[in-house]
Amino acid sequence: MQQHPQYTRNRISQMVNRLKGKIYAQTIDVEDLQISPPVERISYAEAQQLEYEPVAPGRQLGPLWTTFWFRGSIDVPGDWSGQQVDFLWDSHSEATLWIGGRTVGGLNPGRSELPLEEEIVEHGHLEFQVEVACNGLFGHVGRHYETVESFVLDRCAIGRFNPQAWELYYDLLVLCELEKQEGMDADWSGRLLADLNRVANLLDVDDPNSWPAARKIAAELYANRNGSYRHQLSAIGHAHMDTAWLWPLEETWRKCTRTFSTATLYMDYYPEYKFACSQAVQYEEMKSRNPDLYHRIKEKFNTGQWVPVGGTWVEPDCNVPSGEALCRQFLFGQRFFQKEFGAYCHEFWNPDVFGYNGQLPQIMRQAGITRFLTQKLSWNAFNKPDHQTFMWQGIDGSEVVTHFPPANTYNAVATVEQLRHNVNVYKDSDRSGQSLLLYGIGDGGGGPTRDMLERIRRAEDLQGLPQTTNRNTEEFWDQLEAG
């Protein structure tokens with residue numbers, strides 16, 4: 001037993017943090033960078049006609065809701081050939097990376113890097129544009145100083161990605177977080193602390209020759225699987241997108257572009273990754289505004305990674321609209337999904353609405369929907385629902401299987417603490433060993449980060465965590481109904 005466990009934990013945490021700095025040990029700042037004048041939300045083609053001037057880090061951007069376009073170029077070192085190179089950006093705002101007229105992905109607080117395609121690295125020269133939206137994920141971000149804008153260009157660079165540092169960092173990070181959890185078996189938490197201390201004794205963060213021995217110890221810990229019966233946690237990426245909330249509607253479509261581009265990009269690197277997306281209106285807008293991105297969405301649907309859900313035109317309010325209006329939500333939504341994806345949705349996906357009238361089960365059933373997912377009612381301050389998995393019976397006796405994700409959020413971040421909490425608070429474990437985890441930055445879009453994807457990957461079958469598996473919604477519902 002460690003004589004000073006808290007000191008040991010602090011030592012291990014500092015080691016892990018230093019290791020994170022090795023992921024991009026080599027970076028090169030983009031010096032050939034230019035900026036446009038502030039403009040409205042304009043198309044990529046219109047952005048090519050703007051006048052540009054040189055710009056450097058430190059440039060303030062604003063005011064709120066304005067747009068700036070950046071363009072730049074940089075030579076990729078020849079000895080970086082054959083390795084992953086990431087684009088690194090920080091403007092404390094939302095932004096979109098464009099390369100060759102295509103949207104690559106979104107850049108925002110919490111997501112400051114995007115991997116570049118292998119062809120770009122091999123070509124040895126990168127030309128790019130960044131569309132900066134002077135707003136945050138939730139619209140207005142507040143102003144901290146009268147004379148200083150909230151948005152500023154802090155970084156524009158490329159970094160040589162070190163996969164060995166990345167893998168070891170996440171191996172140790174998840175184990176470190178797991179060891180700190182309360183309620184763990186004493187022998188297992190003791191083993192974790194002791195072995196992580198062994199890693200700290202032998203690992204020299206500055207000497208990659210010491211890393212394989214550290215990974216070997218981590219691999220031995222990950223070899224400790226769960227018992228024969230464990231809670232099954234179905235994880236699916238998500239980016240709940242309010243179609244109309246704290247920003248102009250035109251900004252919604254840019255949020256969709258950023259979010260969906262990033263999701264399809266990550267699917268190339270994480271073949272197990274599945275992303276659920278509702279609201280036919282957002283698909284329709286992408287189809288007309290960004291056909292190339294819509295084509296990528298359709299491709300990822302064909303691989304089983306992109307999962308259309310919901311069956312409605314938007315995620316509608318269900319208190320004020322009439323029955324006729326709700327019927328039309330399903331009519332136009334299901335018609336769109338059938339036409340574009342060849343199938344109807346089987347669940348009504350509406351996590352962020354303030355109430356649901358009693359005729360909805362009847363309307364759902366008539367629209368071919370037998371399942372219902374929500375979250376909002378579990379946030380009630382006075383009369384929280386008694387169950388998280390149950391059969392909802394409507395006024396006419398129609399029934400739909402209903403599930404409230406026990407993580408109590410549709411924006412889960414997939415930390416060790418959150419995965420364990422998901423199981424510990426589940427109200428229906430006497431009747432079901434299945435629950436759903438919706439992970440990813442939402443409300444204002446964004447979706448899962450690589451940090452979340454790496455955590456989910458390591459939580460698949462590790463002692464002390466629920467058995468966490470990337471599944472599409474059909475797989476989750478089928479397992480839930482099978483008991």
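Which residues are buried in helix H12 (residues 416–424)? The legends below begin with the whole model and then take up this helix and other sites.

**Figure 1. Overview of the predicted model.** This is a predicted model, in which local features need pLDDT of at least 70, side-chain atom pairs count only at pLDDT 80 or more, and totals for chains, interfaces and linings use all residues. Residues are numbered from 1 along each chain as its sequence is written, and side-chain values use heavy atoms, with hydrogens and water left out. The protein has 14 helices and 21 strands; these are DSSP runs numbered from the N terminus, with helices being H or I of at least four residues and strands E of at least two. Its C-alpha atoms fill a box of roughly 70 × 65 × 45 Å along the principal axes. Of the 483 residues, 57% count as buried, where buried means under 20% relative accessible area, exposed over 50%, and partly exposed in between (1.4 Å probe, protein chains only). Among contacts between residues at least 6 apart in sequence, 78% join residues at least 24 apart; a contact means heavy atoms within 4.5 Å.

**Figure 2. Helix H12 and the elements around it.** The buried residues of this helix are Val416, Gln418, Leu419, Arg420 and Asn422.

Figure 3. Most residues other than glycine have a negative phi. Ala414 has a positive phi of about 65° although it is not a glycine. Ala414 sits in the loop between strand S19 (399–403) and H12, and is buried, with a relative accessible area of 1%. Asp443, also not a glycine, has a positive phi of about 70°. The loop between S20 and H13 holds Asp443, which is buried at a relative accessible area of 12%.

Figure 4. Most peptide bonds are trans. The bond from Gly62 to Pro63 is cis, with omega near 5°. Pro63 is in the loop between strand S4 (60–61) and strand S5 (67–75).

**Figure 5. Gln282 in helix H8.** Helix H8 (residues 280–289) contains Gln282. Gln282 is buried, with a relative accessible area of 1%. The side chains of Gln282 and Thr243 are joined by a polar contact of 3.0 Å; a polar contact is a pair of N or O atoms within 3.5 Å, where within protein one must be able to donate a hydrogen and the other to accept it, and residues adjacent in sequence count only if both atoms are side-chain atoms. Apart from its neighbours within four places in sequence, Gln282 is in contact with Met241, Thr243, Trp253, Cys256 and Phe260.

Figure 6. Thr303 lies in the loop between helix H9 (291–302) and strand S15 (306–308). A polar atom of the Thr303 side chain is 2.9 Å from the backbone oxygen of Lys300. The side chain of Thr303 also makes a polar contact of 3.0 Å with the side chain of Gln305. From Thr303 to Arg230 the separation is 73 residues in sequence and 29 Å in space, C-alpha to C-alpha.
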